[in-house]
Each structure stands twice: as C-alpha cells, then as structure tokens.
Amino acid sequence: MPELLQLQQVSGGYHGRTVVHEVSLSIAEGEAVAAVGANGAGKTTLLRLIMGQLPPSGGQVFLAGHDLGRLPTFERVRLGIGYVPEGRALFPEMTVEENLEIGAYRASRTELRQRLAYIYQIFPRLQRLRQTRCRLLSGGEQQMVTVGRALMTQPRLLILDEPSTGLAPRVVGELYQALRALHASGLTVFVVEQNAYAALRFAQRGYVFEDGHITRVAPASELLHDPRLVESYVGRASPMASS
Amino acid sequence: MLQLQTYLLLLLTGIMWGGVYLLMASGLNLIYGVMKVVNLAHGDFIVVAGLLAVSLYGAFRAGPALAIPVATLLFLLVGGLIYRGLLARVETTAPQGELRTLLITFGLSSIISNIALLIWGGQYQSVPFFQSAVHLGALFFPESLLVSSLLAFALAFAVQLWLTRTRSGRLVRATAQSELGAASCGLNTGRIRLLTFALGAAMAGAAGALTVVLIPVQAASGGFMTVQAFTLIALGGLGNYLGALLAAILLGVIEVSSSYFLGASAASAVIYVIFILVLIVRPQGLLGQRGRI
Ligand SMILES: Nc1ncnc2c1ncn2[C@@H]1O[C@H](COP(=O)(O)OP(=O)(O)OP(=O)(O)O)[C@@H](O)[C@H]1O
Ligand SMILES: [Mg+2]
C-alpha cells in the first residue's frame, strides 16, 4: 500500500528543549492508526510538527511522497490534511453552520451545499443546531463541529488530537462511531489519544508513545489486549466504546 | 423649557463627541480584536495624519476631502510595511511574545513622534475647515463636530457591516476568534494579520486627517491619544465592536455633561473614575462576550 503520511526521524520541541525525539512512523492510504501515550508524552507536539505549527529541529515529514519542508499550516491543510486540534479551536461567536462554512471557504456555492449536507448526514445533531453559536454547545457537540469543520476541507488524511477529552463515555462512543463510518468510506485517519482504549478499539494499528519516543508499534488488537498498556494509559478504563 | 433644551444639547453633543472618540479608537480596537496586539503607536499615527492634513492645507488650501484619502492610503502602506518588517518577525506564541510586540510598537511610537517633532515642530496646529455653526431647530452645533461625528458613525457602521456581512470580514473574525482554527481551515492567517494591521493603521490615518479640524494636535500628542483610545476599547471590552460604540457614546455624554456642570478639569477625572469602576465591576467590558469581533 502507498504511504500517505510518513515521518522520518522527526524531532522538535520548545525553546531548545527537545520533546519529540527522532520519531519515524508511516500511515498508509486508507488506514486507521492510533498513537497512544500518557499525559505530557509529546503527542500534541508531534501533531504540531506534522501540521507545521512548530518548526522541526530535525527530520522530514512527507505527504504522499512530497517533503512538506517548512510549509505553513494552511498550505498543509490545502494539500489534504484535515486537522482537529487539541482544545477544538472553534470560532465561538459564530454559528455551527458558519464554522463549517469557513472550513470550505474556497468552495463554490453548490459545492459548499453538498459538503454541508454530507456533514449533516454524519452528524445529524449539527443540522438541528446549525444556527446556534458554538460557545453555547456541549463539549460533544463542539467536538462534532471541529471534526465536521475539518471534513469540510475535504481532507485525504484526518488527524485528531485527543477527540475524547472531556466527553462523557456515551458521547465518546458516538464520536468514534462516526470516525468508523468515515474510515469505512475510505478516509485515512490518524488519532492521538491518552484514552488508549477508545482509540485502539477504533484503529487498525497503534503506536505507543513514551517520553517523546515511539516504543512500540503493533496491530491495535494486540495492544488492546496488553494488560500493562491498558493499565498504564487507560487508568479507569470503562467499557465506553463497546456499544 | 430652557432646561430641556440644555439637556438635549448636552446629550446630542455628547453623542457626537462619542462618535469622534469611536473613530479615534476603531483602528486600535480592530488590531487588538484580531491580533491581540496593543498598538502603542496608534495615537502617533493619528497625530502624523493630522499634521499631514495641516501641511496639505498650508500648501494647497486642501481640506479633509483630500487629506483623508491621502492619509488613509499612506497609513495603509505604512501599516503593511510595519507588519511585514517588524511585527511578522516576532512570534506571538514565543515566550514574552506579547511583551515584545508591545515593546516594538512602543519604540515605533517614540520614533514616529520624534520624526514628527523634527518635521512639524512642537506647537499645536489645526485645519480651519468646517468652521460654521449648524442649526438644528433651536439648537446649534459646531459644523466640525457634526461632520466628524457623522463620518465617524458611518465608518464604524461600514466596518461592522464588513466584519459581519462579507466573506473577507468573516474570515477576519474567524482569525480573531481562533487563529489555530482559521489555519486548520486553510486560511493564510499571516496575510489576514497583515491586512488587519494595515487596515487598523489606515483607520487611524483617516481619523487623524478628519479630527484635526476639531482637535488641534502637536507632535507629542500621540501618547495621550493612545491612552484615550485604549480607555475606550477597554471599557467596551477589548476587541468588542458593539461595546466600543456603547462606551464611546457613554464617554462622550459623560464628558460633555460633566464639563458643563462641573468644569473641564473635573470631567476628565469623572471619566477615569467610571473607567476604574467598570474595570472592577465588569472587567470584561460593558458587554462581555456579546458583540465580540
Ligand atoms: N507551548 C509550549 N511551550 C513550552 N513547552 C511546551 C509547550 N507545549 C507543550 N510543552 C511541553 O512539552 C511536553 C509535551 O507536551 P505535549 O502537549 O506535546 O504532550 P501531550 O502528550 O499532548 O500531553 P496531553 O496528553 O496532556 O495533551 C510537556 O512537557 C509540555 O510541558
Ligand atoms: Mg496533548
């Protein structure tokens, strides 16, 4: 299978302190991959390096074989990486629909309508909330808007940073159900989570991330049945995504 | 009867001064709202634009009709160059990034006011335009105040329409509300910041070229104007457009009526008392979240 995203010995950090150490990983077209790691392991930093939010101190990031070099974030999005950042980064004073529309601000009117219809099909709840300001939504609804907004850019690869943070177990289940459907329709998904259980149940393959290093890569089912791993990262594991 | 007329006059004059203050603060408010940068050179932009209008008047007897477009375009360019050359090079996310941008605009402020001092000298100057009085029923107003406030409200309204009703305005608001979110939508946020700073500077230029018919300026007036404009936008809730409008009218009416009843020196004290009270009672500004860019 062709590699869609490839990292070669990528390092980076903040103000001279390296947080991500020579990480190499690859994600094939159509794959669903998770990276799990504890609080402060450097997961967000890794994604910021992939998205060009942070200049790497070493290594390269390739998208479909092209070196992304120092491209700024917006160029990477235009090349087909959809990004669901940590903390959601919504436009709080705008409505749900306005948020979604900005994700496709370069699309024509008809194109925009089609993409909106697609998002409302994945998240029917958003259609009912379309005129609501995002500031007023629940955490789960906000997360749906963020995912929807990233999908409006028509990505080939969707990258999510801890989508389950702060959500009730049932909502986490709903969210991952939607991600499953998206993956089934052919989207490549890379999700980073502290909630190893939810992410590994969804993914096909998993990377274990510790202190800025990748320490293991294995089929997700194998990692899921590793008691040590589930214990260390899930903590109070709940049967949430098992619906 | 006479009482009522006095009150009406004070109210209308206050609203008009509010419009003028709003115009003088709009650029600062836009730049803060989008970029979270306090442009300490804002007042100096206003002053230089005003002094430029004085020179245009001296050389060609030209009034605001020429001075405003000239100053607007000039400061659009100056703002763009300052952003490209200086501000874009400072990462606001870096440690003390905000402090560094503050220091840059502070440095700019002293450079600009000293250059202005070399060119125009230190005396107060004004442009004698719109010098008649306008009668509205039994009331009359200085023409300069009437014209300035009408244009000021028109510009404020236009900016509000642009931000809420147009595509480019909406992208600017998106960047203001979440720069990371905007970048994740494929927006070139660096370009939006450039546009914002240039527009904010241009608004200061327009304000200076217009209000010099009403408020005489000298090379060092900029610092005070920045403080005044900052007071207004803080009262309105930093970066809040509706709040700034409300704060401007409130400040105008309070200033005009307290200087009528208590004298001019008491008026400025009253305004700062109210400002401090608002900071204590409603530190998020008059409107809080509502009306944010
Ligand atoms: N902007 C920043 N400036 C300086 N240090 C940072 C910054 N962001 C993160 N760090 C540091 O980098 C390390 C890794 O942080 P990172 O946010 O990447 O971890 P994470 O795995 O995403 O954690 P979490 O599960 O809490 O989201 C931490 O030690 C953190 O303190
Ligand atoms: Mg994180």
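The sulfur of Cys134(A) sits 11 Å from the closest cysteine sulfur, in Cys185(B), which is too far for a bond. A disulfide needs the two sulfur atoms within 2.5 Å. In this predicted model, the count of disulfides over all chains is zero.

**Cysteines**

- Cys185(B) is in no disulfide, and its nearest cysteine sulfur, that of Cys134(A), is 11 Å away.
- Cys134(A) is buried, because its relative accessible area is 1% and the limit for buried is under 20%.
- Cys185(B) also counts as buried, at 4% relative accessibility.

**Shell around ligand 1**

- Ligand 1 is surrounded by 14 residues.
- The closest are Lys43(A), Thr44(A), Thr45(A), Glu86(A) and Glu162(A).
- By class, the shell holds four nonpolar, six polar and four charged residues.
- Two elements of chain A, strand S2 (17-28) and helix H1 (43-50), each supply at least two shell residues.
- H1(A) gives the largest share, with three residues.

**Polar contacts of ligand 1**

- Glu86(A) places a polar side-chain atom 2.6 Å from an oxygen atom of ligand 1.
- Gly40(A) uses its backbone instead: an N or O atom there lies 2.9 Å from a ligand 1 oxygen.
- Gln194(A) has a side-chain N or O atom 3.0 Å from an oxygen atom of ligand 1.
- Ligand 1 taken alone exposes 630 Å², and the protein buries 67% of that.

- Thr44(A) belongs to helix H1 of chain A, while Glu86(A) lies in the loop between strand S6 (81-84) and helix H3 (96-103), so the pair ties together parts that are 42 residues apart in sequence.
- Is Glu86(A) buried, partly exposed or exposed? Glu86(A) counts as partly exposed, because its relative accessibility is 44% and this class runs between 20% and 50%.

**Positive phi in chain A**

- Ala64(A) is not a glycine, yet it has a positive phi of about 50°.
- Ala64(A) is placed in the loop between strand S4 (58-63) and strand S5 (66-67) of chain A.
- With 33% relative accessibility, Ala64(A) counts as partly exposed.
- Gln154(A), not a glycine either, has a positive phi of about 55°.
- The loop between helix H6 (139-152) and strand S7 (157-161) of chain A holds Gln154(A).
- Gln154(A) counts as partly exposed, at 47% relative accessibility.

**Ala218(A)**

- Ala218(A) is part of strand S10 (residues 213-219) of chain A.
- Ala218(A) counts as buried, because its relative accessibility is 6%.
- How far apart are the C-alpha atoms of Ala218(A) and Arg180(A)? They are separated by 19 Å, and the two residues are 38 residues apart along the chain.

Terms used
Residues are numbered from 1 along each chain as its sequence is written. Chains are lettered from A and ligands numbered from 1 in the order in which they are written. This is a predicted model: local features need pLDDT of at least 70, side-chain atom pairs count only at pLDDT 80 or more; totals for chains, interfaces and linings use all residues. Side-chain values use heavy atoms; hydrogens and water are left out. Buried means under 20% relative accessible area, exposed over 50%, partly exposed in between (1.4 Å probe, protein chains only). A residue is near a molecule or strand if one of its heavy atoms lies within 4 Å of it. A polar contact is a pair of N or O atoms within 3.5 Å; within protein, one must be able to donate a hydrogen and the other to accept it, and residues adjacent in sequence count only if both atoms are side-chain atoms. Accessible areas come from the Shrake-Rupley method with a 1.4 Å probe; for residues, only the protein chains shown count as cover. Helices (H or I, at least four residues) and strands (E, at least two) are DSSP runs, numbered from the N terminus. Ala, Val, Leu, Ile, Met, Phe, Trp, Tyr, Cys and Pro count as nonpolar, Asp, Glu, Lys and Arg as charged, and the others, Gly among them, as polar.
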